[in-house]
Amino acid sequence: MKRHLRLSTILLVIAVASLAYLYLVPLVYVLRTAFSEPSSIGFSDSAALTLASFKELATNPYYVKILGTTLIISLMVAVMTALIAYPLALAIVLFPERIGNLLLIFVVTPMLTSSIARTFGWVVILGPTGLISSTLRTLGVAQPPQLMGTTFGISLGLAQIYIPYATLIMSSAFGALNQNLSYAAQTLGASKMMTFKRIILPLTANGLFSSCMLVFVLSASAYVTPQVLGSGKVQTLATEIYDSAVVALNWPMASALAIVLIVLYAAIMIIVNVVKAHAERIRS
Amino acid sequence: MKIKSAIAFLAASALVLTASACGSAGSTVSSSSSAKTTVSVIGFPGLFAQQFEELVIKPYEKANPNVTIKYTEKKTSAESIGQVVAAKNRQTYDIAIVDKSAQGDANKQGVFSKVSADDAPNINDLVDTAKSEDGYGPSVYIDSLALIYNKDTVKNAPSKWEDLWNPEYKGQVVMSINNAFGLSLIAGLAHDNGDDYTKSIDKEIDQLKQLKGGQVQSFSPTPDVYTSVASGAAQVGLGWYARAKSFADENTNVGVVVPKNGGVALTPTINLVEGAPNKKEALKFLNYAIGSEAQSALAKKGYYGPVSSKVTLSDDELSKTAAIDGGVLEGGVVPDWNYIATVTTDWLQVIKQEITS
């Protein structure tokens, strides 16, 4: 028992030390850089701390717009993903096991393809000579709407990438759903809609919230899909961090944007947890 | 249970694929051997990297069997400089090829070392445009901004920068201008407008703003301008002449145009990195790269304007290169890159905030 405890402690120390070294140390470095004086080559060696990058972020409408675009895209992706993943996850849990398993394999298989390849697949579909534009032209639309370089196009690409993750999270969270409760409600005269509203939805709300939160956070930090499908016309926090770090070599600004992204994650997690707690209180 | 294991395997495979995709950024062209001295070069990617490897690195390695040149591709000059700066405490790079617009600040910050004719004797044979005014790395080739177009889909080939605004190409123009392309285009437009870009670029920025309303299909074409035009995804693009010309040799549906008396010279530099771990070998390679042998190969097979005055080309060969005298840059603009280097950050900021977003 004592030996077992010692082994656990050693493993815990290794895990904490690795996390501290690989996550906290770079994070502290990013934090320090965010408060450095901007320079044309990376950042100034001066030890002085400055809020210049944060001031620029708060006052320049360009960065405010980027934050807004990131939030809109993340929200659109979370909603689109939930609308598709939720019924899929319910079907996986509620359908007979064989069909549920088949559905699960069907949902998870796209994960075997790299997200970069899937994004380029969307270029073929959404591009100016792509499937959608060609079809619309065939149907007589002379000027098909541009889908590349729009927040909608980016959201579509991201939603397709995150649907399997959302479905997996939801289906595992819905595992405890007892279908007998639905049968009991219907036996007592509840309609299918009422059963869904009063029984299934409350019991699956936690899984739905968790997956929406994950998808929102992943969308806010996604780089490849916004970069490729955005055609350089739509900037998000992640693409702007890349541009600031490697195109403009403005490392303090890149770091400040990264801090904004982390604060955004924290804010979303707090909001979701508060909403969840509030919902729990109402339910109980 | 079996299904759960299968799903765990699929999820793990997806993670591995994602990780491998993330790890693919930044590639090296040639491999190294532990028995040899390895000179590490960082520079432009894609077609230039292939040509530089074929026309400069391979012949040099053949003549110097004890040296291996490891070329690392980076998308932009800023990215290359960023890598060099990030490695400054334990420098791994010896040579950096960067745009002249990015070199100035790097010199001021001590990222690169000065290179004299004692270090690299071929500096004595450089054409004036390629010489460094402050003793840092000289230019390694001359190129020009160019219009490229798809011959199959474009009825009237573009012939001047103004054609980028031609309604005939609406939604079919691709250009990546948040970099040296944008800086060169501003200089080219100012030349056409008869403006002095050292005083104001307001008119040129106003012109560029008009590209926002759907004229440009993408400001970040994937994978690049050349492929987008060749594949028919776009009709007209903004590219570099030498690369586009080489690309057009292999893709016959691609046309390349440098406006008559309107070319804009680009003079990228080859630099010795401060604290280079293999300084002696690096300088030997730098000297070779700006010498007549390498420059002749780059001019004849890659269409680059030679920086060495010792290169001899036939009239036909010269007319196909981006040479200032006798090449496609004849009568064009040679921007004051030293001045542009001082305003690069501001110009790029304006391009990003007022044009591409």
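Analyst: **The side of chain B that touches chain A**

In this predicted model, 35 residues of chain B are in contact with 28 residues of chain A (contact: C-beta atoms, placed from the backbone, within 7 Å). The elements of chain B that give two or more residues to this side are α1 (2-22), α3 (77-86), α4 (100-108), β7 (216-218) and α12 (337-356); helices (H or I, at least four residues) and strands (E, at least two) are DSSP runs, numbered from the N terminus. The largest share, nine residues, comes from α1(B). By class, this side of chain B has 15 nonpolar, 18 polar and two charged residues (nonpolar: Ala, Val, Leu, Ile, Met, Phe, Trp, Tyr, Cys and Pro; charged: Asp, Glu, Lys and Arg; polar: the others, Gly among them).

Residues are numbered from 1 along each chain as its sequence is written, and chains are lettered from A and ligands numbered from 1 in the order in which they are written. As the model is predicted, local features need pLDDT of at least 70 and side-chain atom pairs count only at pLDDT 80 or more, while totals for chains, interfaces and linings use all residues.

Elsewhere in chain B, Gln51(B), Leu55(B) and Val56(B) of α2(B) meet Ala294(B), Ala297(B), Leu298(B), Lys301(B) and Gly302(B) of α10(B). This contact has five nonpolar, two polar and one charged residues.

In chain A, the unreviewed UniProt entry annotates residues 7-31 and 199-224, among others, as "transmembrane region" (positions are in the numbering used here, feature names are shortened, and annotations may be inferred rather than shown by experiment). Residues 7-31 of chain A are 100% helix and 0% strand, with end C-alpha atoms 35 Å apart.

How values were computed. Contact = placed C-beta atoms within 7 Å.
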